[in-house]
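Subject: The model, and what I found in it

Hi,

Here is the structure I promised to send over. Please have a look at it first, and then read on for my notes.

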Amino acid sequence: MILDKENGHEMAGSTKPVDAARSGQSDAPDRDKSSDGTIGDERHQTTKSEHNPDANGVVRAMDITHDPAHGVDARKLAEALVASRDTRILYLISNAQIVSSVVQPWIWRRYNGINPHRHHMHISVVTEPHRYDDIRPWDLSALEKEDATSPQTPDASSVPASAGR
Ligand SMILES: [Zn+2]
């Protein structure tokens with residue numbers, strides 16, 4: 001486990017390398033973090049969500065803000081994670097779609113949650129500690145294969161940023 005320094009709770013170790021994608025990796029130091037998050041707010045805490053500490057007291061979800069101008073395209077990050085077929089992934093949500101490693105594995109399906117996740121992508125990691133604490137770097141090589149001509153994800157500018165997680 002690692003500690004989320006900003007929010008003071010335990011995080012699944014495997015979220016650390018994703019954290020690198022969202023804030024480290026040196027190429028995105030100025031990225032927007034307005035939709036980032038780890039632990040759930042009070043409203044979240046009344047719902048079943050990996051943003052809430054699990055039976056082991058560990059938060060197994062993270063939100064990463066969409067900010068392509070500063071090097072983080074949340075949808076492309078989600079697609080790279082899907083392409084990696086990483087067994088630490090439980091599910092991802094992006095642009096009103098959800099993709100799971102368990103339910104119809106790795107196929108994007110419609111997501112009908114209140115927040116369509118157009119300003120961030122959500123990742124939840126699996127329940128087993130030996131997997132969620134596996135800190136191997138995430139394979140984001142599919143990101144590097146992207147080029148500037150790839151299709152744009154749906155425009156999110158009309159959705160209020162305050163729509164929650
Ligand atoms: Zn989330």
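The protein chain has a mean pLDDT of 80, with 73% of its residues at 70 or more; pLDDT is the predictor's confidence in each residue, from 0 to 100. This is a predicted model, so local features are given at pLDDT of at least 70 and side-chain atom pairs at pLDDT 80 or more, while totals for chains, interfaces and linings use all residues. Residue numbers start from 1 along each chain as its sequence is written.

Where should you be careful? Confidence is lowest in helix H1 (residues 15-23), with a mean of 56, and highest in E6, at 98. Across residues 22-26 the pLDDT falls below 50, and beyond near neighbours in sequence this stretch has 5 contacts in the model. Here two residues are in contact if their C-beta atoms, placed from the backbone, lie within 7 Å. Where pLDDT is low, the predicted coordinates should not be read in detail.

**Overall layout**

The protein chain comes to 5 helices and 7 strands, in the sequence pattern β-β-α-α-β-α-β-β-β-β-α-α. Helices (H or I, at least four residues) and strands (E, at least two) are DSSP runs, numbered from the N terminus. Of the 165 residues in the protein chain, 32% are buried. A residue counts as buried if 20 or more other C-beta atoms lie within 10 Å of its own, as exposed if 12 or fewer do, and as partly exposed in between; the C-beta atoms are placed from the backbone. Among contacts in the protein chain with a separation of 6 or more, 65% join residues 24 or more positions apart.

**The sheet**

An open sheet is formed by 5 strands in the order E3-E7-E4-E5-E6, with antiparallel pairing. Two strands pair if DSSP finds at least two bridges between them. Strand E3 (61-65) and strand E6 (109-110) are at the edges with a single partner strand each, so one side of each has no neighbour in the sheet. Helix H3 (residues 74-84) packs on the sheet, where it touches E3, E4, strand E5 (97-100) and E7; the direction of H3 makes about 150 degrees with that of E4. Axes are lines fitted to C-alpha atoms, for helices over the stretch in contact, and angles run from 0 to 180 degrees between N-to-C directions.

E7 is worth a look of its own. E3 and E7 pair in the antiparallel sense over 5 bridges, and Asp-63 stands opposite His-122 in E7. Strand E4 (residues 89-94) and strand E7 (residues 120-125) are also an antiparallel pair, over 4 bridges; there, Leu-92 faces Ile-123 and Ile-89 stands opposite Val-125. In a regular strand the side chains alternate between the two faces of the sheet. Both faces of E7 are covered: His-120, His-122 and Ser-124 are buried on one side, and Met-121, Ile-123 and Val-125 on the other.

Ile-89 lies in strand E4 and counts as buried because it has 25 C-beta neighbours inside 10 Å. The C-alpha atoms of Ile-89 and Val-125 are separated by 4.6 Å, although these residues are 36 residues apart along the chain. Not counting residues up to four places away in sequence, Ile-89 touches Leu-81, Ser-101, Ile-123 and Val-125.

**The core**

Which residues have the most contacts inside the largest nonpolar core? They are Leu-77, Leu-81, Leu-92, Met-121 and Ile-123, in a core of 24 residues. E3, H3, E4 and E7 are the elements that give two or more residues to this core, and H3 gives the most, with 5 residues. A nonpolar core is a set of buried Ala, Val, Leu, Ile, Met, Phe, Trp, Tyr and Cys residues joined through C-beta atoms within 7 Å.

Leaving aside neighbours within four places in sequence, Met-121 is in contact with residues including Ile-64, Ala-74, Leu-77, Ala-78 and Leu-92.

**Backbone details**

Just after H3, Arg-85 takes a positive phi of about 50 degrees. The loop between E5 and E6 holds Gln-104, which has a positive phi of about 40 degrees although it is not a glycine. Gln-104 counts as exposed because it has 10 C-beta neighbours inside 10 Å. Trp-106 is found in the loop between E5 and E6, with a positive phi near 65 degrees; Trp-106 is partly exposed, with 13 other C-beta atoms within 10 Å.

Best wishes
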